[in-house]
Amino acid sequence: MKKIKYSLFYDFHTSPLIPDVGKNFQVEQFTDNLKACGVDFLTWHARCNQGNAYYNTRFGCRHPSLQYDLFREIAESCHRKGIRISAYFNGGLSDEELLQHRDWMRIAPDGRCLNEYRLTPYARATCYNSPFREHLKNMVREMAEEYPVDGFFFDCMSNQSTCVCPYCVREMKEKGIDFNNPGELGKFTGDSVLRLARELHDLIKSILPEALFFLSGLLGIL
């Protein structure tokens, strides 16, 4: 794999209330600017913390006001100019998806479904052991199979979001884990995150053996 000289990471999480996402965005001008700055690797959102996708997904929720396949246009333009691109997915947070699928939502030990930082868009965390797991893998699979992508970046995958939803409690009971014990609960959550990370890694590498694989939030449990 060719070494990266200058990587640029875009971080944006767009409310579904915004009415004109990407309307006046000039893809070629944007990638020309990247090239002029010497950027040779870009990380761009495929799906943000809000749960909105920026490509034509069959599994997720494309941003309601986005009228075209933004990720594809950027990726193809980047490749024409010698810039590799990584797809950003949030692996631990969502909003729109969890409003549609309440059973995918993390339930904290104190019963809360919302995270503590209520004034941010990062309110709802996913349960790694719910059907969200396969949902995320389906979105990643379609991206790897159908888009010109060179890597994947997964954000907010942490053992801090301990969960006592029915999926987690059932699995912990089967494994003899005491979910009332914070230490055992934290270890179970860490193991759940690592299992998902390995599944994502193996899935991507089975389709794109040379793809780069980035994780954010796992340092505390590796």
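User: Where is Thr-43 placed, and what makes it count as buried?

Analyst: Thr-43 sits in strand S2, and strands here are DSSP runs of E with at least two residues, while helices are H or I runs of at least four, numbered from the N terminus. Its relative accessible area is 3%. Buried means under 20%, exposed over 50%, and partly exposed in between, with a 1.4 Å probe and protein chains only, so Thr-43 is buried. A quick note on the source: this is a predicted model, where local features need pLDDT of at least 70, side-chain atom pairs count only at pLDDT 80 or more, and totals for chains, interfaces and linings use all residues. Residues are numbered from 1 along each chain as its sequence is written, and side-chain values use heavy atoms, leaving out hydrogens and water.

User: Which residues does Thr-43 touch?

Analyst: Contact means heavy atoms within 4.5 Å. Not counting residues up to four places away in sequence, Thr-43 touches Leu-8, Phe-9, Tyr-10, Ser-86, Tyr-88 and Phe-153. Phe-9 also stands opposite Thr-43 in S2.

User: How do you know that S1 and S2 pair?

Analyst: Pairing requires DSSP to find at least two bridges between two strands. Strand S1 (residues 7-9) and S2 have 3 bridges, in the parallel sense, so they qualify.

User: Why is S2 called largely enclosed?

Analyst: Because 7 of the 7 residues of S2 are buried. Phe-41, also in S2, is one case: its relative accessibility is 1%, so it counts as buried. Phe-41 touches, among others, Ile-4, Tyr-6, Ile-85, Leu-212 and Phe-214.

User: What makes His-79 partly exposed?

Analyst: His-79, in helix H2, has 35% relative accessibility, so it counts as partly exposed. Leaving aside neighbours within four places in sequence, it is in contact with Arg-84, Ile-85, Pro-148 and Asp-150.

User: How far does the side chain of His-79 reach to the backbone oxygen of Pro-148?

Analyst: The distance is 3.5 Å. A polar contact is a pair of N or O atoms within 3.5 Å; within protein, one must be able to donate a hydrogen and the other to accept it, and residues adjacent in sequence count only if both atoms are side-chain atoms.

User: Which residues touch the most other members of the largest nonpolar core?

Analyst: They are Phe-71, Phe-89, Met-143 and Phe-152, in a core of 46 residues. A nonpolar core is a set of buried Ala, Val, Leu, Ile, Met, Phe, Trp, Tyr and Cys residues joined through side-chain atoms within 4.5 Å. Elements giving two or more residues to this core include helix H1 (27-37), strand S2 (41-47) and helix H4 (132-146). A second, separate core of 7 residues includes Cys-127, Cys-163, Cys-168 and Leu-185.

User: How do you know that Arg-72 lies over the face of Tyr-147?

Analyst: The test asks for NZ of Lys or CZ of Arg within 6 Å of the ring centre and within 35 degrees of the ring normal. Arg-72 is 3.9 Å from the ring centre of Tyr-147 and lies over its face.
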